[in-house]
Amino acid sequence: MTITDTATITVELPDAFDPRWSRLPGIQVDGSRLTIDPAEYFFRFESDTWLVADWELVESQLLGVEETTESAVEQLALDFIKNHGESTSDAVRVLATAYEVYAFLFRDEHLTGLGLPRITADHLRMLREAATLMALNKVELNGHISNVGPCWFFPAATSVVFDLDDKTGGMLDEVYHGGWFNEHRRIESIKAHAALGGRLVHGCQSVPDQSGGVVAPYGASMAAFRDDLAAFKAGWIEQIYAHRVTSAE
């Protein structure tokens with residue numbers, strides 16, 4: 001897994017991605033190989049560093065740890081990040097780590113217990129792919145949003161890539177940011193996202209708001225995050241929808 005040059009990100013992931021990701025500017029898919037041109041792909045790309053931790057360490061040292069009356073799960077995750085988090089400018093490492101995180105969170109074994117009969121294994125694959133790309137988005141500690149790609153706006157991006165109608169795209173968005181709608185899975189999500197250096201936060205209150213989400217560092221200013229997001233989102237969502245395929249390719 002290497003970055004081919006300073007401008008282009010090329011990563012080989014464990015599984016093939018849907019080739020329709022290439023409908024979005026700046027991304028090409030060839031089986032399990034993704035190539036991203038940041039200049040074309042991102043709406044805003046101000047930072048080429050991210051905070052990550054080895055997924056193997058999360059698996060062995062965090063996923064099995066239970067919170068106590070003295071240490072909530074959020075504190076466990078924060079302590080883990082302090083002890084094991086590393087700053088990296090290797091976007092390939094970020095994407096590879098993110099794929100492990102979301103392969104775990106959106107694994108097929110959840111389907112039988114979700115109570116969401118419309119969610120299928122194919123939907124989980126869509127979630128894994130979109131969430132992996134979202135890991136390149138970034139929020140600074142002061143709340144400024146430094147990196148924004150199309151997958152910030154989850155329903156818009158998935159409607160373009162997967163030909164989803166608004167209702168289905170919104171349903172997937174709720175599953176993505178809802179932690180599967182119960183506390184057990186929310187706890188699982190907090191622990192897993194320690195591998196990406198923070199916690200999953202959202203600017204939206206409901207699907208139609210489409211304000212997206214990002215893995216933000218603990219301590220980031222959510223007030224500044226909200227204000228920054230409100231200033232830019234409408235125009236960029238419109239640009240994504242412009243790539244929607246309305247007839248057979």
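In which helix is L78 found?

1. L78 is found in helix α3, which covers residues 73-84. The model is predicted. The relative accessibility of L78 is 23%; because buried means under 20% and exposed over 50%, L78 counts as partly exposed. L78 and L172 are 94 residues apart along the chain, and their C-alpha atoms are separated by 28 Å.

2. Confidence. The chain has a mean pLDDT of 87, with 90% of its residues at 70 or more.

3. The β1-β3-β2 sheet. Three strands form an open sheet in the order β1-β3-β2, and the pairing is antiparallel. The edge positions belong to β1 (9-12) and β2 (27-30); each has a single partner strand, so one side of each has no neighbour in the sheet. From one strand to the next the twist averages 15 degrees. Between β2 and β3 (residues 33-36) there are 4 bridges, and Q28 has T35 as its bridge partner in β3. Helix α4 packs on this sheet, where it touches β1 and β3, and its direction makes about 35 degrees with that of β1.

4. Helix α4. This helix comprises residues 91-105. At 1.5 Å a residue its 15 residues should span 21 Å, and the end C-alpha atoms are 21 Å apart, so the two values agree. The N-terminal end of α4 is capped by D90, which has a side-chain oxygen 3.0 Å from the backbone nitrogen of V92. The helix is mostly covered, with 12 of its 15 residues buried.

5. The β4-β8-β7 sheet. A second open sheet has 3 strands in the order β4-β8-β7, again with antiparallel pairing. Its edge strands are β4 (44-45) and β7 (138-139), each of which pairs on one side only. β4 is joined to β8 (residues 145-148) by 2 bridges, and N147 in β8 is the bridge partner of F45. Helix α9 (residues 222-241) lies across β4, β7 and β8, and runs at about 30 degrees to β8.

Key
Residues are numbered from 1 along each chain as its sequence is written. This is a predicted model: local features need pLDDT of at least 70, side-chain atom pairs count only at pLDDT 80 or more; totals for chains, interfaces and linings use all residues. Side-chain values use heavy atoms; hydrogens and water are left out. Two strands pair if DSSP finds at least two bridges between them. Contact means heavy atoms within 4.5 Å. Axes are lines fitted to C-alpha atoms, for helices over the stretch in contact, and angles run from 0 to 180 degrees between N-to-C directions. Buried means under 20% relative accessible area, exposed over 50%, partly exposed in between (1.4 Å probe, protein chains only). The expected span of a helix is 1.5 Å times one less than its number of residues. A polar contact is a pair of N or O atoms within 3.5 Å; within protein, one must be able to donate a hydrogen and the other to accept it, and residues adjacent in sequence count only if both atoms are side-chain atoms. pLDDT is the predictor's confidence in each residue, from 0 to 100.
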